[in-house]
Amino acid sequence: MNIRTIEEINKKIESGDATVLTAEEISQLVRDGEEPRAEDVDVVTTGTCGIMSGTAAVLHVPVADPGAFKKAKSVLLNGVPGFPGPCPNEWLGSVDMIVYGTNHSIYNDTYGGGFLFKDLVGGKEIKIEVESIDGEKFESTVTMDDLGAAQMIGTRLAFKNYNSFVNPTTEAVSSIFNAINMGGPFKGFTFSGCGELNPLQNDPSMKTICAGSKVLLNGSEGLVIGKGTRSSAEKPNMMITADMKNMDPHYLGGFKTGAGPEVFDSVAAAIPVLSEGIFKETFIENKDVKLPVTDIRGRHSVLGFTDYADAWEGSDERPVHHADICRNCEVCIVRERCPTGAYTGTLNTRRCFGCGMCAYSCPYGAFTMETGNVHFSLEGKSMEVPVMCRQSDIRRARELVAELTKRIETRKFLLNNCL
């Protein structure tokens, strides 16, 4: 039975009277032995940040004067391939295109679509190379301000729950699920997901986060346009779109993996407290969220289970760089491995993802970070494996949730009904 409608919640938001709590605040109240009441809370804010491979951009890019070429056959943006079309833009001197966040530069195997999107959103100049269907070649540079359109579409974002990975073999495995080739057996653990803060962990049936819902995608107000590809009742995810011109580069970017660069995004969603049942779904705690431990050679092979309390709680959000300990190695393993390029001799804490790879990698202890160990049972044996790489960033997720909460409290973000 509903206790209020979205229209009633929006009226409270517009008057500045809405009570908004984050999903973590709700879970903490439950941990403290309290039982929050639905009538006392209007909106619960949720969020996540992590690698989201199903990310693409639809761009309209000026290249040359009208009449310079008939149609584009191929296009590169900082060396990252785009796919011209679907509109041919015949003789207009511009190109409509789709660029995947997982596309890799033909010039630099550590640079890909995710890094390109961050540079574009951050206002950097992008080199464009176009070959026409007649074999003519054109070069230009553009910034975001030059683009006629820049729309991001996430085809499968913010899964309710993810898998985690270990390597049970002695042979190193290259995979998108770890920042480097993963050695074994059981030398490290890598995972994604923000547990009790995840949007669909708090609305697993997508009763309120659904087609038509407004969300924040990388800081830009966007829309859920439906369930994402590979969405299922057990592991739902969302298809989301938003204008890249309104995004904050802090919330998206590239992430180098053992199999090449990937893309990360941040998503925040609001859950309107329409009923007691909807509200109680947000009581979920990290200890209750199972995290399958799978073989990195194939996520279908589940070896055991841990949970997000084991993976997240008691860990540090960011590393500490001890410059006085640094040996200034000729080839710095941390610089080589840092997935987001946050370490270049100094640590850029704004660019840092909190993955833990620096602390795991430096042989001299120049980086320290508590990432913890996870525990699971394998064939009756208790396993303890150190966390080597986190492919989700809890700090960015919390920052975007705080931004969404602020927008609601300052009457800048209203809620939508499902379509």
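The model is predicted. Its largest pocket has a volume of about 460 Å³. One disulfide turns up in a search of the whole structure. The largest nonpolar core has 111 residues.

**Pockets**

- Rolling a probe the size of a water molecule over the atoms shows where empty space is left.
- The largest pocket has 19 lining residues. Phe159, Tyr162, Phe177, Arg230 and Arg299 lie nearest its centre.
- Nine residues of that lining are nonpolar, six are polar and four are charged.
- The second largest pocket has a volume of about 220 Å³.
- Its lining is also made of 19 residues. Nearest the centre of this second pocket are Cys326, Asn328, Cys329, Cys332 and Tyr343.
- Helix H7, residues 333–337, gives the largest share of the second pocket's lining, with three residues.
- By class, the lining of the second largest pocket holds 14 nonpolar residues, three polar ones and two charged ones.

**The disulfide**

- A disulfide is a covalent bond between the sulfur atoms of two cysteines.
- Here the bond joins cysteine 210 to cysteine 418, with an S to S distance of 1.6 Å.
- The link of cysteine 210 and cysteine 418 is left-handed, with -60 degrees about the S-S bond.
- Which parts does the pair tie together? Cysteine 210 sits in the loop between helix H4 (199–202) and strand E12 (214–217). Cysteine 418 sits in the segment after helix H9 (394–409), so the pair ties together parts that are 208 residues apart in sequence.
- Cysteine 210 counts as buried because its relative accessibility is 8%, and buried means under 20%.
- Cysteine 418, at 34% relative accessibility, counts as partly exposed.

**Cysteines in no disulfide**

- Cysteine 358 is in no disulfide. The nearest cysteine sulfur belongs to cysteine 352 and is 6.3 Å away, whereas a disulfide needs the sulfur atoms within 2.5 Å.
- Is cysteine 358 buried or exposed? Cysteine 358 is buried, with a relative accessible area of 13%.
- Cysteine 362 is in no disulfide either. Its nearest cysteine sulfur is that of cysteine 329, 6.8 Å away.
- Cysteine 362 counts as buried, at 14% relative accessibility.

**Nonpolar cores**

- In soluble globular proteins, nonpolar side chains tend to be buried together.
- In the largest core, the residues with the most contacts inside it are Leu59, Leu77, Phe117, Ile128, Phe189, Met238 and Met244.
- Strand E16, residues 260–272, supplies the largest share of this core, seven residues.
- What does leucine 77 touch, not counting residues up to four places away in sequence? Its contacts are Leu59, Gly82, Met97, Val99, Leu116, Ile126, Lys127 and Ile128.
- A second, separate core has eleven residues. Cys352, Cys358, Cys362 and Phe367 are among them.

**Serine 192**

- Serine 192 lies in the loop between strand E11 (189–191) and H4.
- Serine 192 counts as buried, at 8% relative accessibility.
- Leaving aside neighbours within four places in sequence, serine 192 is in contact with Tyr162, Asn163, Leu291, Tyr308, Gln391 and Ser392.
- Of these contacts, Tyr162 is also one of the residues nearest the centre of the largest pocket.

Technical notes
Residues numbered from 1 in each chain as written. Predicted model: local features only at pLDDT ≥ 70, side-chain atom pairs only at ≥ 80, totals over all residues. Heavy atoms only, no water. 1 Å grid on protein atoms, 1.4 Å probe; cavity = no way out; pocket = protein on both sides within 12 Å on 5 of 7 lines; lining within 4 Å. Points joined across faces, edges and corners; volume = space filled by probe spheres on them. Nonpolar A, V, L, I, M, F, W, Y, C, P; charged D, E, K, R; others polar. Helix = DSSP H or I, 4+ residues; strand = E, 2+ residues; numbered from the N terminus. Buried < 20%, exposed > 50% of the residue type's maximum accessible area, 1.4 Å probe, protein only. Core = buried A, V, L, I, M, F, W, Y, C linked by side-chain atoms within 4.5 Å. Contact = heavy atoms within 4.5 Å.
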